[in-house]
Structure formats: structure tokens, C-alpha cells
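Here is a friendly note to read alongside the model. Please keep the structure open as you go through the points.

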Amino acid sequence: MVVSAQIDAHLPRLTPAERRVAAIVADDPEAVAFGTVADVARRSDTSGATVVRLAAKLGFDGFVELQAAVREEIARRLRPASERIRRPAAGDVLGTALAVEMANVAATLEGIDRPAFDGAVRLLSRRRAERVMVLSGDASSGIASLFADELSMLRPGVVFVAGSDVRVARLLADVGPSDVVVVLDLARYDRAVLGAAGRAAGRGAAVVALTDSAVSPLASAAAISFTASVTGAGPFDSHVGLLALANALLAGAAARLRRSATDRLDEVESAWRSAAVLTD
């Protein structure tokens, strides 16, 4: 029996607090699959004991077993795509690409640690941050440039750090605790980018890494790191999951900044209209 069905079967016998935990399990399974007892208790405004008690009432031998069942359900949702990847129709490049990229986006976004995501959004939108500096390896520079451009339309002080090693070192020369440095890079990693991220972290900047592995060298330098699924349908790594992750961070920053971001976007639109640089 799937977890949601177990919840439905036991619902009449659950206390109000246990129902709040059950709602998190049903509506936000990733919070259970990739969180802790304390995370689920906080999200449901209950206690750790209530979370464990619900797991027992649903027939699980503790939270870990409930978590494993939820993870299996998430994996089951992704399995049809992975099966299509393993057995594509002959010559069906589009079908294979669709399955691969859907799986990349799902694995990337569903694998995000929610408290870490909230922390990164707070860093990107904090008003006392002097600058948000965006640094990237060569392969992901297009996504980094787009991320910096769009973040700059939500808040001031965004700098895209690109160019020669000399220019990058100059731009990061005075980086400090009031700055946030967002770094994007995938294997094989750019030594100059790794070095720059390490120096920024050493000077007290908050480093947020978007990379392709939890054991990426970027992760060790970062205060917060996220992993994107980069499986390619062809000979090259996919950047679709990385782009989805960047878009999610932008959406979070826009929601958190709200009025100031709206005012800033209105100013940008007004400038475009005054310059008559765009047409529908």
C-alpha cells in the first residue's frame, strides 16, 4: 500500500497534530524524503515525538522506514522516464531527449534541501548584502550570465564575474563578509573558478554553489551547495537541470523581495519603453 493510501486508511484515528504531519507527508513528500524528523516537525508545527508517533500509526518501524517508503514513491514516479531512456524507440532522439530532460529537472528540484534553498534565497535577497557576485566555469557561463542579468533586475549590486583570470582576480580582490558569491561549475572543474571560490570563502563571503555532485570541490568551499542532474541525451552533459535550479532561486528571490523587486522591474520596463529598444 502506498503511503498516501495508508494515511487515508488511518485518518479517522489520527489526532489533530498527527493530521498536520500527515498533510506534510502527503502534500510535500520531498520534505520527508530528504529532511529530518526535526524538519518535518517544524513544517507541521508539531514535535518530533508526533512525527515518530505518526510513522508508527501508519505501520512503519520509525521515521527512517517512513522516509524510505516516501523515497520509493518518488523514485517510482521517475521510473517511467528512466525506463524510456533505457529502451528508446529506434531513432527516437526527441523521445529520448524529452525523457532525459524531464528526469533531470525532476531529480534536481526534488532533491533540493528545502532549508538550504530558503537560506540561499535569503542570501540572494538580503538588503544589507553589498554585492551578489556570479562566477562560473566556461561550460555553464551562459546560464550564469542569464542568472546575473535577471537577478540584477530584481535587486542592485549584482556583478557577473567573467573574463581573464586577471580580471576575475581584480573583481574579487575586495570581496568580503558583506558579499554573496554564487558559483556555477560542472565536472571537469575549472581550477581558476575553484581557486576564486576558495579565496572568496576565505575572505568571509557567503558562497552558494550550483554544481553536479555533492562531492564536487565547489561544495567544500560553499556555505550552501546544490546539485543538478546533468545526464545528457547525447554526448554532452545537460544544463537543463542547472537552469531549472537557477530559475527556482530567482523565483524565490523575487517572492522574498516583493515590492522592491516590482518597483525595480517597473523602472527597467520604463527605461526600455523610453529607449524604444523592444517591439512586440
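1. Ala-31 sits in helix α3, which spans residues 29–33 (helices are DSSP runs of H or I with at least four residues, numbered from the N terminus). Because its relative accessibility is 4%, Ala-31 counts as buried (buried means under 20% relative accessible area, exposed over 50%, partly exposed in between, with a 1.4 Å probe and protein chains only). Its C-alpha atom is 9.8 Å from that of Val-70, 39 residues apart along the chain.

2. A word on the source: this is a predicted model, where local features need pLDDT of at least 70 and side-chain atom pairs count only at pLDDT 80 or more, while totals for chains, interfaces and linings use all residues. Residues are numbered from 1 along each chain as its sequence is written, and side-chain values use heavy atoms, leaving out hydrogens and water.

3. Now look at Glu-267 in helix α14 (residues 259–275). With 56% relative accessibility, Glu-267 counts as exposed.

Terms used:
Helix = DSSP H or I, 4+ residues; strand = E, 2+ residues; numbered from the N terminus.
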